[in-house]
Amino acid sequence: YYLNRRWVLISIGIMILSSTILRLVMIKNNLDVFYFTFTRWDEIAVGALLAILEIDKKLVRSNSSKLAFLFFLLTIPTISIWILNDSSGNTNLQIFKYLLLSSVYFSIIACIISFNDTNFIKRFLRIKPLIFTGRISYGLYVYHPLCFMIFHHFYSEKSIIIDLLGSYATSYAMATLSYYLLESNFLKLKHYFGYRQSGLSN
């Protein structure tokens, strides 16, 4: 909000580097990094970098082939690493996996945006279930561990399909209630907070 473009980019680099180093130190000392903000904020930084590219009009059709190449360049090794290694027992993978995964998501979203002018992508992104899922996505993120735990507590059978469908249905129900009863009230306050473009335009 307050920094110009140069310092935004520098801050993104600092966040990525510091988060990786902190994971290294904490993992080497047998400390948990999953729930600690400063060992995970490189993922936020990667998302910020994606926003910078969008503002700079870099996520366009003319760059789609490069972005698609980046997607395959990141995704194939990531899948291979997960198949060939136990991620929970591999220290090096624990250090770099969050940055690696966020970079894969970065490339996926970048590809989708760059192909956004194609009819298929336009139609696909306008599918109502996708639009609704996007609307309640924050609630899905926040509540899904609790919903999965609740469903597992009351469902004692071992059907993977029913377990999966029931857990997701419970999460969607909770997130929907949260959106309409809680979040929508806060979203109405957005017009009180203007968007400053000056920082990124310098």
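**Stop one: a helix with a bend**

Start by selecting residues 91–114, which make up helix α4: 24 residues, reaching 35 Å from the first C-alpha to the last, close to the 34 Å expected at 1.5 Å a residue. Bear in mind as you go that this is a predicted model. Now center on Lys 97, where α4 bends by about 45°.

**Stop two: α7 against α8**

Next, select residues 137–154 for helix α7 and residues 160–187 for helix α8. Two numbers describe a pair of packed helices: the angle between their axes and the distance between those axes. Here the angle is about 135° and the axes are 8 Å apart. Angles over 145 degrees would count as roughly antiparallel, so at this angle α7 is oblique to α8. The crossing of α7 and α8 is right-handed. Color the contact of α7 with α8 by residue class and you'll get 12 nonpolar, 8 polar and 2 charged residues.

**Stop three: α6 against α8**

Show side chains for the contact: on α6, pick Phe 132, Thr 133 and Arg 135. On α8, pick Tyr 172, Thr 176, Tyr 179 and Tyr 180. By class, the residues of this α6–α8 contact split into 4 nonpolar, 2 polar and 1 charged.

Technical notes: Residues are numbered from 1 along each chain as its sequence is written. This is a predicted model: local features need pLDDT of at least 70, side-chain atom pairs count only at pLDDT 80 or more; totals for chains, interfaces and linings use all residues. Side-chain values use heavy atoms; hydrogens and water are left out. Helices (H or I, at least four residues) and strands (E, at least two) are DSSP runs, numbered from the N terminus. The expected span of a helix is 1.5 Å times one less than its number of residues. The bend at a residue is the angle between axes fitted to the seven residues ending there and the seven starting there. Axes are lines fitted to C-alpha atoms, for helices over the stretch in contact, and angles run from 0 to 180 degrees between N-to-C directions. Angles under 35 degrees count as roughly parallel, over 145 as roughly antiparallel, 65 to 115 as roughly perpendicular and the rest as oblique. A crossing is left-handed if the near helix is turned anticlockwise from the far one by less than a right angle, and right-handed if clockwise. Ala, Val, Leu, Ile, Met, Phe, Trp, Tyr, Cys and Pro count as nonpolar, Asp, Glu, Lys and Arg as charged, and the others, Gly among them, as polar. Contact means heavy atoms within 4.5 Å.
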